[in-house]
Amino acid sequence: MRPISSVPTSAFRSSRVGSLLSLGALLVSTAAWADPIATVERNGSFVAVEAYAPNIVRVTISTDRAEATAAPGPGPNAKPDAAGWARRSDAGADVFTSSALALTVEAQPWPKAPSQMERYFAPSLPPVAVAVRGADGTLLTRMTGWEMAPHTVNDEKTFRVGAQFAAPTDEHYYGLGQNQEGVLDLRGRTIDCRHNYDAPAGETVCVPFMVTNKGYGIVWDNPSQTTVSPGLHGSTHWQSNVGERVSFFVISGKTTDELYAGYARLTGATPLPPKAAFGLLQSKARYETQAELLGVAEGYRSRGLPLDAMVLDWFHWTRMGQMDIDHTYFPDPKGMNAKLKAMGMHSIISVWPRYEPESRYFDMLANKGWLLHEKDGSVVNGLPIRSDRTGGLIDTTNPDARAWYWDRIRDNIISQGFDWIWLDETEPDLVPDGHYFSIGSGDRYHNVFPLLHTTSVAEGSARDRPTMRNLILARAAYLGAQRNGALFWSSDIQATWEALKRQVPTGLDFTATGIPYWGSDIGGWQWPSGPKAERPVLVDPAGATAMAPGYTDYPELFVRWFGYSVFTPTLRIHGQRPGTALWEYGTAAEPLLADFLRLRYTLMPYIYALGRKTYETNAPMMRALFMDFPNDPKVANMGDEYMFGSAFLVAPVTDQGVTHRSVYLPAGAVWYDYWTNARHSGGQTIDVAAPISQVPLFVRAGSIIPMGVQVPSTATAQTLSEIRVYPGADGNFTLYDDDGVTNAYRDGKGAGKTGGGVKSALHWDDRAGRLTSSGPLPTGQAVAGLVKIVGRP
């Protein structure tokens with residue numbers, strides 16, 4: 001490694017001044033930032049220790065004291081808080097303690113003269129080692145080394161920075177955003193942590209927060225392209241392409257939910273989405289006309305099928321970047337949206353960040369420097385790949401551009417009666433590497449765009465529609481993006497069985513990242529084209545118009561995909577095919593899909609209460625089994641089953657022609673087959689019938705599941721049909737309801753005119769065989785007449 005002194009600090013620090021000033025305008029944490037608890041030196045390496053809570057601590061290391069003591073990068077927005085922390089010296093080490101953690105910057109002896117071999121191979125950086133222990137003294141993690149290797153990126157003299165952590169053989173790793181390789185546990189892999197639409201297995205999304213089964217998680221504070229190798233050859237290695245320091249946070253917790261609460265404290269809480277977000281969102285790439293869109297909406301109502309929102313995808317505009325609606329094909333957007341509202345539906349519309357040179361705003365944006373640009377200021381126009389040759393990217397890292405972008409959305413689109421915005425291309429699709437944002441090099445800030453781009457709509461909506469709950473569909477995320485009210489999905493995936501199989505662990509790692517709302521394009525986005533079915537087809541394709549006639553098992557695939565998605569946070573049909581509505585997969589598929597859809601709405605009281613819990617705790621509702629069964633080693637890498645809330649164990653069928661599958665029931669619980677009510681002890685694998693009409697589904701003993709009557713959408717008040725109790729253990733569940741659309745849920749007021757919501761804490765006393773409530777149910781119904789105890793007459 002080249003000596004650190006060979007690149008003067010001033011050479012890169014002067015080039016960063018302008019970008020840091022711009023970045024300060026978009027970081028809450030910059031304004032709130034205060035001095036660290038302490039900055040200690042280790043023979044020329046500076047180590048800053050900064051506390052954010054008793055269980056959250058930041059470590060920053062550099063050979064430049066100013067870099068070591070600078071504020072965090074984009075994402076974290078919490079104020080440092082050293083309350084309860086203390087510092088002491090111990091045999092040359094510096095020890096920082098709180099009620100939850102003890103962090104030791106280990107002593108380092110004065111370096112001796114290097115041997116002849118060390119002159120060639122010893123690292124030039126003064127070594128630093130940091131150990132983090134829990135309150136009981138248990139070692140959580142130990143940083144064993146760090147690196148800063150000088151290189152030039154995008155004409156900027158900078159460093160490749162990284163750190164290594166010890167990795168016990170029984171440590172497992174989860175999160176880091178979205179990686180569609182189909183494996184849950186990240187151990188032994190190398191993750192390319194960058195937004196990449198063209199990743200071979202499906203789009204990758206980098207959210208550099210990784211949790212472990214050892215009671216801690218690490219937030220890596222660097223938005224450039226990063227590689228992470230968890231547990232590979234006995235070490236976990238983080239390395240980022242651009243930086244002048246190593247900066248990371250350690251969050252500890254006795255449970256994974258405590259880790260996610262810590263992540264929310266550091267980067268922002270997840271809002272409660274509108275209730276409609278939990279219902280069916282009907283989309284297609286694309287509805288050609290107003291008449292087609294309304295016809296689909298009316299098709300759901302005429303068939304008695306529930307639906308909450310119609311989604312209008314791209315090319316509804318006259319030109320990319322016009323930010324308008326083509327009245328040739330959508331002659332009366334206000335009237336269209338009024339008709340949807342009269343049917344109890346909402347509307348979502350896609351808004352892209354691209355501007356053709358011939359569009360009305362391009363010249364203005366270019367002159368202001370509000371488009372992704374080259375070093376000389378010229379606009380980056382289109383991509384050199386995928387025959388994508390036109391359009392500049394709005395630079396929403398610039399706060400003025402963000403404000404302008406929302407104003408145009410508000411005035412040109414929201415004014416036409418649309419409720420919520422779909423922000424597509426949030427990676428962004430115009431890869432910023434080699435180019436420049438307002439805050440600096442696109443290489444330095446490769447991963448930050450989705451956070452700042454969704455901030456434009458989140459902040460604008462909060463200002464101009466303060467009482468209306470926000471919702472954003474977004475294709476990529478970054479640290480803190482959950483605070484903007486976004487629902488994320490797995491991008492433009494293939495319409496194949498392999499793609500479906502990969503979705504299950506993909507979604508589990510995404511929610512394990514601390515970002516709770518994720519889903520997939522049900523049925524896949526790409527044109528339905530798959531290999532010939534290897535087994536007899538379970539759904540007769542007769543009457544299907546959603547695919548080419550040769551893809552005979554596609555209706556079966558869609559039924560399985562839809563049944564799985566009933567048990568994901570969001571339920572959205574989308575795809576590049578002639579038709580996507582439920583009746584367009586054939587006469588055999590339609591009743592199966594209708595039953596699954598009605599099950600989703602039956603469970604709406606349960607699901608919406610989970611949403612409220614996520615708002616309060618940041619605990620995800622779609623949960624990999626390691627979260628709830630940490631003492632069962634068999635679930636450490638189990639990515640084809642998961643919990644949906646505290647009650648349901650879901651085991652989707654992702655293979656064609658299969659009518660049975662093995663299901664592992666985690667140890668430490670008793671389980672009921674949802675379909676048959678058969679009772680099973682945990683800690684065993686059983687063979688489960690999986691007819692096309694069912695998703696293998698089990699309920700944990702002690703669960704309380706409120707179920708609702710059928711409604712056409714969440715706009716209709718839903719009473720409870722029953723409260724189902726699965727005996728065998730004590731249980732608790734907090735039922736919650738509110739108006740579903742306003743922000744009054746934040747103020748804690750009661751229901752009624754305030755819309756603030758009503759909670760009822762339900763408790764099942766298994767020994768007494770009695771369900772009690774802390775107060776009136778949100779529906780006003782009496783508990784006694786609703787209770788149904790499974791397995792009892």
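**Helix packing and aromatic pairs**

Student: At what angle do helix H9 and helix H10 pack, and how far apart are their axes?

Tutor: Two packed helices are described by the angle between their axes and by the distance between the axes. Here helix H9 (residues 399-412) packs against helix H10 (residues 449-464) at about 60°, and their axes are 9 Å apart. An axis is a line fitted to C-alpha atoms, for helices over the stretch in contact, with angles from 0 to 180 degrees between N-to-C directions. Helices (H or I, at least four residues) and strands (E, at least two) are DSSP runs, numbered from the N terminus.

The model is predicted: local features need pLDDT of at least 70 and side-chain atom pairs count only at pLDDT 80 or more, while totals for chains, interfaces and linings use all residues. Residues are numbered from 1 along each chain as its sequence is written, and side-chain values use heavy atoms, leaving out hydrogens and water.

Student: How is the orientation of H9 and H10 classed?

Tutor: Angles under 35 degrees count as roughly parallel, over 145 as roughly antiparallel, 65 to 115 as roughly perpendicular and the rest as oblique. H9 and H10 are therefore oblique to each other.

Student: Which residues of H9 and H10 meet?

Tutor: Contact means heavy atoms within 4.5 Å. On the H9 side, the residues include Tyr405, Trp406 and Arg410, which face a set in H10 that includes Leu452, Val457 and Arg463. By class, this contact of H9 with H10 has five nonpolar, five polar and six charged residues. For these classes, Ala, Val, Leu, Ile, Met, Phe, Trp, Tyr, Cys and Pro are nonpolar, Asp, Glu, Lys and Arg are charged, and the others, Gly among them, are polar.

Student: How do H12 and H13 compare with these categories?

Tutor: The axes of H12 and H13 come within 9 Å and cross at roughly 5°. That makes H12 roughly parallel to H13. Among the residues in contact are Phe558 and Phe562 of H12, and Leu592 and Phe596 of H13. The classes are nine nonpolar, two polar and one charged.

Student: How many aromatic pairs are found in the whole structure?

Tutor: Rings of Phe, Tyr and Trp (its six-membered ring) pair if their centres lie within 6.5 Å; planes under 30 degrees apart count as stacked, over 60 as edge-to-face and the rest as tilted. A search of the whole structure finds 34 such pairs. In one of them, Phe558 and Tyr585 have ring centres 3.7 Å apart and planes at 10°, so the pair is stacked. Phe558 lies in helix H12 (residues 554-565) and Tyr585 in the loop between strand S28 (571-573) and helix H13 (589-602), 27 residues apart.

Student: Are Phe558 and Tyr585 buried or exposed?

Tutor: Buried means under 20% relative accessible area, exposed over 50%, and partly exposed in between (1.4 Å probe, protein chains only). Both Phe558 and Tyr585 are buried.

Student: What arrangement do the rings of Tyr606 and Phe648 have?

Tutor: Their centres are 5.3 Å apart and their planes at 90°, so the pair is edge-to-face. Tyr606 in helix H14 (residues 604-617) and Phe648 in strand S31 (residues 648-650) are 42 residues apart, and both Tyr606 and Phe648 are buried. Ring pairs also link Tyr606 and Phe648 into a cluster with Phe567, Phe644, Tyr674, Trp675 and Phe733.
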